[in-house]
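Subject: Structure for your review

Dear colleague,

Please find the structure below, together with its sequence.

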Amino acid sequence: MKLSFRNKIGLKNSFRIKFRSYLLLLSTSLTAFIMATMSIMFFIDTKSFINEKIDAMSKIQFQQIVSDINGNLNDIMGIAKYMQSSFQLVDMISQIKNNNSTAYKEYTLKKDITMFLTSVVRDNSLIKNINIIVDNDQYSSGNLDFDSDLVNSISSGISGKDIRFRIPEPLSDMKDLQPSTTKFIHTLDKETYFYFSLYDDKGGFLSNIYIFIQTDFLDKIIPDKSCLTILDRDSSLVFKGESFNKMNWENLKSNISDTNNNNSTIFADNNFTVYYGLIDFNKWGILFLVDRQPYIKQFVTLRNSIIIAFFLSIIISVIFSGLISIIVLRPVYNLRSMIRDYKAGNKAEKRNMENRCSTNSYINRLSLKEKVFYYLLVTILVPLLVFILMYTVYSGRAANTQIINMFNSSFQKEAGNVTEYILRKKEVLQRIVFSNALQNYFLKKQGADITGIGNVLRENILLGLDHDFISIYDINKKLLITNKFRTISNESDDIIVDTASKPFWSSGYDELDRHIITLTFPIKPISYSDGLENLGGYARIDIDYTFINEIYSELESGDCEIFIADRKTKTNIYTGNLLPENEPFIKNGSDSGFEYIKRNGSDYMSFYKRLGDTTWYLVANYDFSKIIKESNTIVTNRIYLFIIILLFIILLSYLISQNLLKPVMRLKSLINDFNISTMDKKALENYFVDEINDLAVSFNEMTARTESLIDDLIVANIRNSRMEVEKKASEIIALQAQINPHFLYNTLDNLIYLIENKMSIEAKNLVKSLSNLFRYGISRRDIIITIREEIQYAKAYIDIMKVRYGDKISFFWNIDKALLDFTTVKLILQPLIENSIYHGVRNKNGGGIIKVECVDKGENIQFIVNDNGKGLDEKVLENIRWNLSNNKNEDKIGIYNVQSRLRLNYGEKSGIEIYSNAGEGTTVMINMPKTRLATQ
């Protein structure tokens, strides 16, 4: 290995670290790096998600503010238009100005004007006072009058027919004004008001009218006006909230001039966001500033939560890595321990080696490289998954809390607007009920008629009932008068009233099938003389539900269901459907609140608020499961990142396991290929992992020791081999020597027989054959001879036997001449032929036959000696075979002698095979490998 992993990572040779510590450090570092990367990306995504929700809710709040400012000021503008066109007001002022009335009549007119102005002020909380200047005289809706100097200065001036609006410049200076302690207005310079002139039907000037707005009218419209700035149509400053002091005003004005979009964002950074929009009233430009500091605190909390999750995951990684590394590195520790035990000569440990190394478990069947690979995967992925899970919980809570808070704020604002709307309708209807004209009519006072009631209805149309229908009924529910376009009939209407004769809210549909909300108010004429109260009839107002729905329509979306519900009937007043019993406002009965509910398998946030003193509630059910899914997209949208990281971890784990364990793989290869020729190869030492370095050092020491032992063993083997050869030669010579006396005894015995029987010629031939026998074989000291010589020797022996037995025994030869030059052990055929003669055919009645063959068997040579003698029974044959295979005959005579010499020279694959049947003869086979003399 040319370049070690140690050098690749820049570690010095002197550096050492435990394998377990290195794996722990490696997995923890990789885990920390990956989690840090994901933390940054997830934090940015979560922050963007929350900012997006903040921006969406802030735009809703901004639109509400724009709508509220525009609506409230246009309502006052509507009152001014109503007063400008009120024939009743024109008539009363005309009578006073023309001086045609008596003193009492003038007093009555002034009183009626004051009551008229008071009723107008009472119906709008933004109006502080209304003053009318007529010929150096004035009429007021309250106790706030002009001083005489101010009256004199403005009574002669004509304001004109156009309704104008004036504010102190700038309006923000009014924040330090204290409520006036006097009942007089001394100057108009510090007042906010509408003003216009009143003319009669002939165009003659009658008076100047001033409608003064509350100094804190912006506080009444929006909760915090410090985040608001109002610009006039020429971009001059109308009002500037304190929060805008933190902004660069010139840059904001430049951004306003550059934008052509209404309700758009003109500035945004990490601290502030500014929205800009236009309203119809006076073409004002509205700037709304959202201070992100409270949200930044939430981001800090989220960041801290991520840090906590990060370190908890690191702790889990350390613990988990420590536990798994013990399992992964157990074989390495066992191997190192065994090598140390062998070096120390611990025999007990040597005996336990097999038990310590062998196991059938799946883990231990894995290679060390696979174990390290899986270790890195598991120890990185598990803490990473734990971190993602904890992050999902933390980020979800942060996002959901922010969304809930913003939605609740908007909901409470809209619920207040709806409450104010319906209560204003109730106040107007109540004013009609207690008007003089209606009270006088039901008290049946002289001169009272239905015409006076009609005038009251017309007067109140522009005072909050311009879109509504008002109807007056008598005690029998007979319609007396209405502003609807319908015919008065003598029949009674089926109107819904409360049995207790109290104001009663209900819902339904009108003649045009429009959904309406109805308030029915009992008319109780009051007799101040006797104090008796009698129910005289009913006043009813029908409110088109569309106008109420417009108030809270900004909150309606695919994720939010918002409606008005009646707790008494437990129904949705728009659809008439019964509501589930688990609706919090039904179950709890409190005036307002918030609760989680389950519906159709989904989680909802249910906000509710009671509308005034009614039994109605504004209810908003927000699909919380969609919020959860949306917040979870912060993680799910990054699934591709997780896949990339997973692939990165797999690749990195593979590369690290490959490079880290290269010395181990080299050591394994050296062990597998270990032999005498490879002992010069050494394992890499000085590795930075302590255990691997120990294994390399121990292996090199083992190879050096083995090489030394092999050298000693070779010398000993050479010495032993020499002794073995000498021993084998001595044994063969001794075996050969055993043959000579035995053979000579038999031959001489035959010679004696011939001489005794005076067979001199035969005896002579026998001596000649014996001489040949000595010349071919016995006299030679060679152990290995050619097959040719062995055949000649056997034939010489047969010639001797023929002398003795004559024609009683016939011999047949079948010799493959191609085999004559191959070698064999000397004197292997003669003992077999001798056995065939003496134990087979010698005593056979009839001619005995002995057949000798030498055949080619491929890589082997086979000698076959077959006779037709008496054969062997099975038991004797089995005994001979067992003795031959186990070399158990100590006499070393005959076939056992041949077997011993064959095994000594050719090994266990050579030897004798015997086949025989009693009475049928015997076949003996000799098998030996083909060999030639070394000189050939």
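How many disulfides does a search of the whole structure find? The search finds zero disulfides, a disulfide being counted as a pair of cysteine sulfur atoms within 2.5 Å. In general terms, a disulfide is a covalent bond between the sulfur atoms of two cysteines. Buried stands for under 20% relative accessible area, exposed for over 50%, and partly exposed for what lies in between, with a 1.4 Å probe and protein chains only.

Before the remaining findings, a note on the source. This is a predicted model, in which local features need pLDDT of at least 70 and side-chain atom pairs count only at pLDDT 80 or more, while totals for chains, interfaces and linings use all residues. Residues are numbered from 1 along each chain as its sequence is written, and side-chain values use heavy atoms, with hydrogens and water left out.

Salt bridges come next. Across the whole structure, 14 salt bridges are found, each being a side-chain nitrogen of Lys or Arg within 4 Å of a carboxyl oxygen of Asp or Glu. Three of them are described here.

- Asp 613 and Lys 426 meet at 2.7 Å, N to O. Asp 613 lies in the loop between strand S21 (602-610) and strand S22 (616-623), and Lys 426 lies in helix H12 (residues 368-433), so the pair ties together parts that are 187 residues apart in sequence. Helices (H or I, at least four residues) and strands (E, at least two) are DSSP runs, numbered from the N terminus. Asp 613 is partly exposed at 48%, whereas Lys 426 is buried at 15%.
- Asp 856 and Lys 930 have their closest N and O atoms 2.7 Å apart. This pair links distant parts of the chain, 74 residues apart: Asp 856 is in strand S26 (residues 848-857) and Lys 930 in the segment after strand S29 (921-929). Asp 856 is partly exposed at 37%, and Lys 930 is partly exposed at 27%.
- Arg 540 and Asp 542 meet at 2.8 Å, N to O, and both are buried.

Finally, Ile 308 belongs to helix H8 (residues 293-344) and is partly exposed, with a relative accessible area of 46%.

Yours sincerely
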